[in-house]
Amino acid sequence: MRSELLSQEKNFVTIKAEFDAKEFQESVNKAVRELSQKMNVPGFRRGRVPRNILEMRLGKEGIYAEALESLVPEAIDQIVQDYDLDLIAEPELNVDKIEEGSNVSITLKFEVTPEVELPNLEEIEIEKLKVNVTDAMVEESIETMRKQNAELETVQRPAQQSDVVTIGYVTSVLDAEGNVEKSHEEADANVDLELNELRIEIKDALIGCETGEKVSATVKVEEDYSDKSIAGKEVRYDMAIKEIKEKKEPELNEAFFEKMLGEPVADEATFHREVRKHLENRMMQESDTMAENMAIAKVSETAQVELPETLIRRQMEGTKKKDAEEAQKRFQKSMSDVLQASGMSPEEYEEKIRKQAEVVVLQYLVLDALARDFDISVEKSDFEEELAPLATAYKLSTDNLLRAVFKDQNRIMEMGNRIRYRKTVKELLNRVIVRDVEKLSPTEEEGQAE
C-alpha cells in the first residue's frame, strides 16, 4: 500500500491510498473463499459455491467491497502511524478506482485533533489563596459538627429559632386580587428554623407558635423564578404545627471525638488540634483546585484553536444523555417534562449545553496540547501510586491490584487519562506565575463563580 497527502485544511487531512493489483487480487480471492463458506446456496455445499454464482447473488461490486473491507483497516492504521494523526472521528472513504488487474485507489478524509497555539505560560499570572485557619474557624467547625449530630427531643413550649418544627401545610397560589388561584394537597414537612435558606416569612410565622396552632405566611415569588407558572405571584402557606423538637447537641467527650475523627482522642485540646489539621488540609486542597481551575481557564482564554463541531456535538450528546438519566432518576420524568416545569425552552436548553460543551472541548484540547508540549507520560509507577491507597484500604498488595486492573482496558485508559491530566496541571502551575493572596481580586472571584 502506498499513500500520498493530498490536502490539509483546518483539522481535516485528505490522503490517497493505493493498493497494487496483486495485493487487491489476493484480497478478492480471499473474499470469494470466505463468502463461499458463509453463503447458503441451494445445490452447493458450503465452501463450494462458484464465484459466478456469488457474483449473481452479490454483484461484482459486492465482492470488491468485501475485499476492500479487509484491506482498509490495516491501511488506516498504517496511515495514522506514518502521518502521526490524532483522530477524533472515523475517516470518510471514497473509492476512486477499483478493478481487478489494476491498482486500486481510495481517498480517505481524516478529522484530526486541531492544532492549538498556546500562549507564553510565563506571562500568565494567577492568584492562589493563602491558607490561614483561625481559632474562630476551628470553633465554628466543631459547633457545626455538634449541630449535625444533634438529637431531636419533643418539647411542649413555643417554637424557638434553633428548633425543628413538624407542620402540615397547604400551598395556595394567589391571583392579583389575593384570591386563591389554585391549591395543592396538604403535605407534611420538618422545618429547621435555623436554616438560612428558609423563607423569612415562614420562619417569622412559626417562631413563637405552640403545638396545635395554625398560622399562615404569604411569600412573594421572584419574577425570574424557574417555575414560570408562579413567577412574580404570591404564594400562601397555611400551616398547622404538629410537633416542636429541640436540638440536643452532644457533649464534647471522648465518644464524640472518636465518632468525628474515626480514631480515639485523649482530650479536648488534642481534638481541637486534629480539627485544625483537617481544616488546613481541606482548605489547601480547595486552594490548589481553585488555582488549577484558574490556570486552565486563563490559558484557554488566550489559546488559539478552532473547536471541531464533531467534539462539541459529541459532548452535547453526552450531556443530554446524562441529564435525561438524572431527570428520570430524581423526578421520574422525561427531560422535556423537566424543561417544561422549569420554564426553559428546548432552544434555551440547547444553547446552554452548547456553551458548556464549547468550554469543555476547549479546555480538553488545551490540556491535551499542554501534555504534549510538556512531554507528559504515564508510567507504571504512576499507576502504583494511584492504587496504593486502595490497596492499603483493602489489605491487598499493589502488584496484585495492578494486575487485576490491567485486565480492564477501559479502566486502565480512564485511570491513565486521570493521571496524565493531574501531572499536566501540576506542571502548568510550575510554569505560570502564582501569586499568594489573602483574598481573591473581584475579577478572579467572578471567574471562580462562573
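Which residues gather in a patch of negative charge on the surface? The legends below begin with this view of the predicted model.

**View 1. A patch of negative charge lies on the surface.** The residues that gather here are Glu139, Glu254, Glu258, Glu263, Asp267 and Glu268. Asp267 belongs to the loop that connects helix 5 (254-261) with helix 6 (268-302). Its relative accessible area is 35%, and Asp267 is therefore classed as partly exposed, a term that covers values between 20% and 50%.

**View 2. Three residues form a nonpolar patch on the surface: Leu390, Tyr394 and Leu396.** Together they present about 320 Å² of accessible area. Leu390 is part of helix 10, which comprises residues 380-393. With a relative accessible area of 33%, Leu390 is partly exposed.

**View 3. Strand 1 and strand 2 pair in the antiparallel sense.** Strand 1 spans residues 2-9 and strand 2 spans residues 12-19, and seven bridges join the two. Arg2 has Glu18, in strand 2, as its bridge partner. The hairpin of strand 1 and strand 2 has two residues between the strands, and Lys10 in this hairpin adopts a positive phi near 55 degrees.

**View 4. Strand 2 also pairs with strand 4, in the antiparallel sense.** Eight bridges link strand 2 to strand 4, which covers residues 104-111. Phe12 has Glu111, in strand 4, as its bridge partner.

Terms used. Residues numbered from 1 in each chain as written. Predicted model: local features only at pLDDT ≥ 70, side-chain atom pairs only at ≥ 80, totals over all residues. Heavy atoms only, no water. Patch = residues over 30% accessible without salt bridge, like charges linked within 9 Å, V, L, I, M, F, W, Y side chains within 5 Å. Areas by Shrake-Rupley, 256 points an atom, 1.4 Å probe, with all protein chains shown as cover. Salt bridge = Lys/Arg side-chain N within 4 Å of Asp/Glu carboxyl O. Lys, Arg positive; Asp, Glu negative; His and termini not counted. Charge placed at Lys NZ, Arg CZ, Asp CG, Glu CD. Helix = DSSP H or I, 4+ residues; strand = E, 2+ residues; numbered from the N terminus. Buried < 20%, exposed > 50% of the residue type's maximum accessible area, 1.4 Å probe, protein only. Pairing = 2+ DSSP bridges.
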